[in-house]
Amino acid sequence: MKKYWRFGALITIILGILGWLAASGINESKTYYKTISELKGLPSSELSKRVRVTGDVLPGSIQRAGTAVKFTICEKEHNQLLSVVYTGRDPLPDTFRDNAQAMADGRMQPDGTFHASAIAAKCPSKYEAKPGGGGKVQKPLNINPPSA
Amino acid sequence: MEVLGALAILFAFCLSIYAFTGSIVGIVWKRPYLQKSAERAVIGVFTLVTIASGILVYFLTTSDFRLAYVAAHSNRAMPVMYKFASWWGGQEGSLLLWSWLLSVYSTVVVWTNRKRHTGMMPWVVAVLQLTQIFFLVLNAFVEPPFHVLAVGRGVQAMPDGQGLNPLLQYWMMAIHPPMLYLGYVGFIVPFAFAMGSLITKQKGDAWIHTTRRWSLITWGFQTTGVILGAGWAYAVLGWGGYWGWDPVENASLLPWITATAFLHSVMMQEKKGMMKVWNMVLVSTTYFLCIFGTFLTRSGFVSSVHAFAESSIGYWFLGFLAISVSATVILIFRRLDYLKSETKLESVLSRESSFLFNNLLLLASAFAVLWGTVFPRISEMVTGEKITVGAPFFNKVNVPIGLCLLLLTGVGPLIAWRRSSWESLKKAFRWPTIFMVATIAVLAVAGIYHFYALISFGLCVFVTVTIVMEFWKGASAIAARTKANLVMAAVELTHRNTRRYGGYLVHMGIILMFAGFTGAAFNKDTTQDIKVGDKLSIAHYELQIREITSGSNDNYTWQRASVAAFRDGAPVGMLFPERRVYVMSQQPTSIVAIRRRLNEDLYLNFAGMSETEAGHALLQVYVNPLVSCIWLGFWVVFFGTLTCLVPSKVKLAYARTEVVGVYEKKTTLAK
């Protein structure tokens, strides 16, 4: 019986350490997904959370100011706009341009702008848009995609 | 012709239903002719899916843009290789590839086992065909590849297609999906045999012996696929890394982890008759994770930068998974009596226990990766808030697990079966430990204080020494007897027991890869906006942009920076990072320039001309030590896997306790 206790103890220790590491890893890197309207509705006490917010880049809104990049993303369903200031180190992804679906990762500032430390962008037309779904910018000429 | 393709898929669907029902009815009512005809139907399915795939490929290579799929994933200016690769460039085509590979594997299984396992085979065929039916349903009704673009009343071709996603126009990416699929789909075969053996209440390990090679080959394909994906990310995506814990990457890694655990734990069953239930669980888990991975990448279940579109296809996958998981769980529970362990664990210090902990750690890692990947969805379901976890979570859990596994890689093969004493352990590990401590001391003196990196390098040396010692011991014994030189003796040694020494080679490759991963602790990078002609410096490199040139061809327009690199003041050559804008998709893409050396890579990404200051170029520079070790390590793993597949010259009789009547009596008495 003694050896089973040993195995049990060892396994418990290993799993315990891993569980603790996992929990602290989650706490360190957790990021909330919010839509623009949800973000604007947050009480001020929760504004300091790290948030990922997604929206379509408003055409013509991308401005560069030194190393920072300013642009506006919009949530079509609720007609909400959010101005984002990107201050990250990496150049913006290739897929980031007008109308692209962009995800900004950062924190809300008291002045109502969103400071992003990372931007990911999904080019609207590539890797296939939703069949017949909205947000498709580059339709193949005059043709509608086959509805599924 | 597109009608023929669609018809071929439909017929294949009907035929695979026939093959499924035929084998089950055949075995339940004991009608051998039905079983035989079901097996022939499998070959029929293969022929039909091949025809459908052939037609799709024909359309792609001849640029027939009447087809929606061709128009969306190919264009005229693409090289033929990428036109062909468009087969798996989109949802519909890649699902067809899945079906096709499965039909190929099923045919090979039917052919190679035509005279073996007559009792089990109909069930194997049934399991394979059930999966085939599922994928053919997707091909025929949910994501049909032969949609014709109808404009008005007639069928009209578009002048040109949109082209394959530029990011995918890279040789590694062209072969990455088929490799990964070969690995994913291939694991269905061991699973099918496992289920066949459960259903027919087989006592022995016939399924393990039959599928040992399959598991190894498909594991090799999975490894190749995952590494190709990492290599592609490194060489194409331009962020200087090869692994970002993106859901899609995780999806490809998950079955690999459980497959690795399976490859290790089957040894326990083969040699000791232990862990039988566990192996069933592992082979099923791997199979489900393969399906789950396909589901993750295709359904938009978790958001990922490079996932396919959101679509209703996810419900089909969930349904299929729910049914097959519950069926498997019920089956395993009902057969628990046939899966009794023949021996028991005797000591914490034993080979058995090292396998046990190897499996525990691999599974913990798989669970952590799975948890982190689906965490946004789980948190949304539980708390209503979508929360995502990033790379820090994955690294925090997986780095210690990786290091423990590395340690086990060195300890496991040297520790005795059943039980080992501290004395023998001290003897076996004296030299590896001395080398490990020496390495850590030297590195610390050289100024490396990164805790994990020190441990990792130390362990790499530890394991390397154990492996070298193993080869040395065996080879010098042979050399002494045959008077051959040591190298020849080592080859002879490997040939005598290919699985053991091939396995050591695989371990060696993994160690090289770990060394490569550890290099990431010393990465340096900078992003600078510099004028043409100016210099920037990073680590011991200096870079000077000499000029920017531009041009265009049918497929894309390009802008290229000519960068002269100096290392410690001495010129080391020119690098040409490039930026392309593809004509059809208007998508800009970076073509990075990498100076690859074994000790470190110099990695340049030309991010375009500055928009604020004229004549300035935006340059991202990364210095990544040891990355090449990862790719080198892969080749060693590959070579080691091939070695394992070579039949051993000497058939070793396992020191295995066979099941005998007395033992069985005991267990019944114990009840």
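Biologist: What makes you say that domain 1 of chain B is in contact with domain 2 of chain B, and how many residues are involved?

Modeller: Bear in mind that this is a predicted model. A contact needs C-beta atoms within 7 Å, and five residues of domain 1 of chain B meet that with five residues of domain 2 of chain B. On the domain 1 side, the touching residues are two nonpolar, three polar and no charged.

Biologist: Where are these domains in chain B, and what separates their centres?

Modeller: Domain 1 covers 408–521 and domain 2 covers 523–627. Taken over C-alpha atoms, their centres are 40 Å apart.

Biologist: How do you know that strand S7 of chain B pairs with strand S9 of chain B?

Modeller: Pairing takes at least two bridges, and S7 (residues 556–567) has five to S9 (residues 578–582), running antiparallel.

Biologist: Why is H7(B) called mostly covered?

Modeller: A residue is buried when 20 or more other C-beta atoms lie within 10 Å of its own, and 12 of the 16 residues in H7(B) are buried. Among them are B:Met173, B:His176, B:Leu180 and B:Tyr184.

Biologist: What do those buried residues pack against?

Modeller: Several helices of chain B, including H5 (91–112), H9 (206–236) and H11 (276–299).

Biologist: Which residues have the most contacts inside the largest nonpolar core?

Modeller: B:Val124 and B:Ile188, in a core of 178 residues. Helix H6 (residues 121–142) of chain B gives the most to this core, 14 residues.

Biologist: What does B:Ile188 touch?

Modeller: Leaving out residues up to four places away in sequence, B:Ile188 touches B:Leu102, B:Tyr105, B:Leu128, B:Thr131 and B:Tyr287.

Biologist: Which residues does the second core include?

Modeller: That separate core has 20 residues, including A:Val51, A:Ala100, A:Ala104 and A:Phe114.

Conventions:
Residues numbered from 1 in each chain as written. Chains lettered and ligands numbered in written order. Predicted model: local features only at pLDDT ≥ 70, side-chain atom pairs only at ≥ 80, totals over all residues. Domains from an automatic or database assignment. Contact = placed C-beta atoms within 7 Å. Nonpolar A, V, L, I, M, F, W, Y, C, P; charged D, E, K, R; others polar. Helix = DSSP H or I, 4+ residues; strand = E, 2+ residues; numbered from the N terminus. Core = buried A, V, L, I, M, F, W, Y, C linked by C-beta atoms within 7 Å.
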